[in-house]
Amino acid sequence: MSRAVSPAPHTRFDRRLLAPMVLGSILNPINSSIIAVALVPIASAFGAAASETAWLVSALYLATSVGQPLAGRLVDSLGPRRVFLVGTALTGLAGIAGMLAPTLGVLIAARVVLGLGTCAGYPSSMYLIRREAERTGEDNPTGVLTVLAVANQTIAVIGPTLGGILVGVWGWRATFAVNVPLSIACVVLGALFLPRASSARPGTDETGAPSTGSGRSLPWFARFDVLGILSFTATLVALLLFLMDMRLETLWLLLAAIVGGGCFAVRELRAASPFIDVRVFAGNVPLIATYLRAILSALVMYALLYGFTQWLESGYGLSPSGAGLVLLPTFAAAIVVSSTTGRLREIAWKLRIGAILQLAAGILLLFAGGSSPLWYLVGIAILSGVPQGLLGLGNQNALYAQADADKVGASAGLLRTFSYVGAILASAASGAFFGEHADTAGLHELAWLMVSASAALVLLTVFDRSLARVRPRGRPASP
């Protein structure tokens with residue numbers, strides 16, 4: 001039986017943690033990007049419309065929106081090891097289910113399980129970064145944060161292109177099969193190198209679980225805010241159903257989402273151990289602004305990833321592998337930008353320039369059509385990659401500086417949750433604008449949404465004075 005290896009007794013970041021951290025954190029991005037080129041083949045295989053296959057995207061992000069804060073709280077309470085191992089194992093099982101799915105409904109269910117399983121990697125990584133920062137005295141581990149950002153963007157590069165190759169050679173089911181070897185590698189590396197639960201913090205027992213204060217652990221059902229989880233899930237489901245089919249007859253779903261959100265907020269304020277501690281927002285306006293930026297930037301990024309990709313196949317006539325190659329420069333540019341700017345301490349200018357460039361890319365997409373030269377579409381892809389590199393890393397670094405040290409796992413999970421809310425909005429918009437198939441008219445409607453969101457992001461970054469004060473102290477930690 002494998003035993004955990006304790007951190008090396010030196011003052012630099014324990015490099016043995018990097019492999020499981022990076023591999024675990026990329027499980028979600030690879031499943032986000034690889035499906036983009038498989039949506040059209042899946043629709044053809046099951047005789048489904050584009051609005052129906054949009055659920056393959058929305059289901060994963062709905063699950064991760066709920067799963068990320070839950071995984072973050074579990075990591076903060078129990079330590080990263082157990083949460084990481086269970087989550088990555090679940091990812092492999094979901095990959096097998098997707099390989100064998102006989103119907104679109106089963107395939108959507110597999111994506112839900114994938115979403116839950118892939119939640120463990122990112123908050124576990126952020127927890128370990130904070131833990132190593134405290135051990136080594138490195139207050140600003142920008143080197144390690146950059147490694148995570150570049151790794152995630154690299155996978156986003158590989159995702160559409162790899163997906164196109166897999167679909168062309170083995171069919172769309174191979175895009176689910178890829179999770180099996182990745183899951184095995186994560187479980188092995190996690191078992192070998194992730195530390196066992198450290199000493200409990202005040203208010204917890206020896207396992208990190210909440211304590212009653214009398215030396216006895218709370219029962220298992222008291223450790224989870226079941227009502228909070230249910231009300232949060234119901235709110236997101238109602239909102240998503242409305243966004244997927246916005247009509248006067250479905251307006252009640254929007255009202256249900258608003259009521260559900262209100263009930264959720266009231267519940268979390270009263271809960272002893274809330275699912276999402278909404279008190280963390282009180283007095284922390286900069287952190288709220290970071291989460292809003294995450295929603296807006298993710299909405300634009302995923303609208304391009306899913307909407308633009310479907311249009312390249314259905315509206316422009318490219319094959320899945322061809323569409324993947326067109327998107328390749330997007331994420332390649334993001335990698336170059338993250339690699340070259342990752343260690344720079346200034347965060348405000350990254351976010352502001354990224355927002356402006358994102359707006360420019362959306363405007364260019366308004367003029368794309370079936371007769372557009374391929375170089376024009378590739379140019380849009382390249383331009384879109386630059387803000388992805390700037391905004392993703394900028395928001396991550398801002399959160400690291402703004403979040404409470406003892407809640408960094410939950411705060412990191414929330415950053416992903418708000419990003420997934422943006423992805424859900426993008427997926428719902430794609431389904432609503434495209435309908436039966438991805439045509440140019442639907443692409444232009446999606447582009448207008450991207451322009452509007454980007455304009456709001458520009459305003460949010462330019463007029464946010466708190467960004468000027470987000471200047472990490474200390475020298476960067478070496479990865």
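Me: About 400 Å³ of space lies in the second largest pocket. What makes a set of grid points a pocket rather than a cavity?

Reply: This is a predicted model: local features need pLDDT of at least 70 and side-chain atom pairs 80 or more, while totals for chains, interfaces and linings use all residues. Residues are numbered from 1 along each chain as its sequence is written, and side-chain values use heavy atoms, with hydrogens and water left out. On a 1 Å grid over the protein atoms alone, a pocket is an open set with protein on both sides within 12 Å along at least five of seven lines. In a cavity, a 1.4 Å probe fits but cannot get out. Volume is the space filled by probe spheres set on the points, which are joined across faces, edges and corners.

Me: Which residues are closest to the centre of the second largest pocket?

Reply: Phe 232, Phe 264, Ile 276, Phe 418 and Val 421, out of 18 lining residues. Lining means having an atom within 4 Å of a point. Helices α11, α12 (251-270), α13 and α17 (408-434) each supply at least two of the lining residues. A helix here is a DSSP run (H or I, at least four residues), numbered from the N terminus.

Me: How many residues of this pocket lining count as nonpolar, polar and charged?

Reply: There are 15 nonpolar, 3 polar and no charged. Nonpolar covers Ala, Val, Leu, Ile, Met, Phe, Trp, Tyr, Cys and Pro; charged covers Asp, Glu, Lys and Arg; the others, Gly among them, are polar.

Me: What lines the second largest cavity?

Reply: Its lining includes Val 300, Leu 304, Gln 358, Ser 384 and Met 450. Elements giving two or more residues are α13 (285-314), α15 (348-365) and α16 (374-402). The class count is 6 nonpolar, 4 polar and no charged. The cavity holds about 60 Å³. The structure has 5 cavities of 30 Å³ or more.

Me: Why is Phe 242 called buried?

Reply: Buried means under 20% relative accessible area, exposed over 50%, partly exposed in between (1.4 Å probe, protein chains only). Phe 242 has 10%, so it is buried. It lies in helix α11 (residues 226-244). Beyond four places in sequence, Phe 242 touches Arg 247, Thr 250, Leu 251, Leu 253 and Leu 254. Touching, or contact, means heavy atoms within 4.5 Å.

Me: Why is Ser 339 called partly exposed?

Reply: Its relative accessible area is 44%, so the middle class applies. Ser 339 is in helix α14 (residues 320-341). Its C-alpha atom is 8.6 Å from that of Gly 389, 50 residues apart along the chain.

Me: What makes a nonpolar core?

Reply: A core is a set of buried Ala, Val, Leu, Ile, Met, Phe, Trp, Tyr and Cys residues joined through side-chain atoms within 4.5 Å. Of the 114 residues in the largest one, Tyr 61, Tyr 306, Phe 308 and Leu 365 touch the most other members. Helix α13 gives the largest share, 15 residues. Leaving aside neighbours within four places, Leu 365 contacts residues including Leu 304, Phe 308, Leu 443, Ala 447 and Met 450.
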